[in-house]
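The following exercises are to be worked through with the sequence and the coordinates at hand. Each task is followed by a stepwise solution.

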Amino acid sequence: MILLSLQNIVKHYGPEPVLDGVTFDLRPGERVSLVGPNGAGKTTLMRIVAQQLEADRGNVELHSSATLGYLEQHPEF
């Protein structure tokens, strides 16, 4: 069973892509870490997964039994 699937995610800010062809599947029991330099698109990717931002292209599928939690990098209380 696949809990989360991202297929060919593309997101542009201006003419240059921040994300270009991001694809992965997450299955039960797997753990993931998202690591990269500033400006690499980590926050953009998480916002797309959390449906706070729409990808320019690609598909995000969350299994109906899965629950997604997302904590903002700089929350406003």
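**Exercise 1.** How much space lies in the largest pocket?

Solution. The model is predicted: local features need pLDDT of at least 70, side-chain atom pairs count only at pLDDT 80 or more, and totals for chains, interfaces and linings use all residues. Residues are numbered from 1 along each chain as its sequence is written, and side-chain values use heavy atoms, without hydrogens and water.

Step 1. A pocket is an open set of points on a 1 Å grid over the protein atoms alone, where a 1.4 Å probe fits, with protein on both sides within 12 Å along at least five of seven lines. The largest pocket holds about 340 Å³ of space.

Step 2. Its lining (residues with an atom within 4 Å of a point) comprises 16 residues, of which L4, L26, V32, M46 and L68 are the closest to the centre.

Step 3. By class, the lining contains twelve nonpolar residues, three polar and one charged. Here Ala, Val, Leu, Ile, Met, Phe, Trp, Tyr, Cys and Pro count as nonpolar, Asp, Glu, Lys and Arg as charged, and the others, Gly among them, as polar.

Step 4. Helix α1 gives the largest share of the lining, three residues. Helices (H or I, at least four residues) and strands (E, at least two) are DSSP runs, numbered from the N terminus.

**Exercise 2.** Identify the buried residues of helix α1 and the strands against which they pack.

Solution. Step 1. Buried means under 20% relative accessible area, exposed over 50%, and partly exposed in between (1.4 Å probe, protein chains only). In α1 (residues 42-49), the buried residues are T44, L45, I48 and V49.

Step 1. These residues lie on the same side of α1 because they cover an arc of only 135 degrees around the axis, taken from the directions from the helix axis to the C-beta atoms.

Step 2. Their packing partners are β1 (4-13), β2 (16-26) and β3 (57-62), with contact meaning heavy atoms within 4.5 Å.

Methods
Grid points are joined across faces, edges and corners, and a volume is the space filled by probe spheres set on the points.
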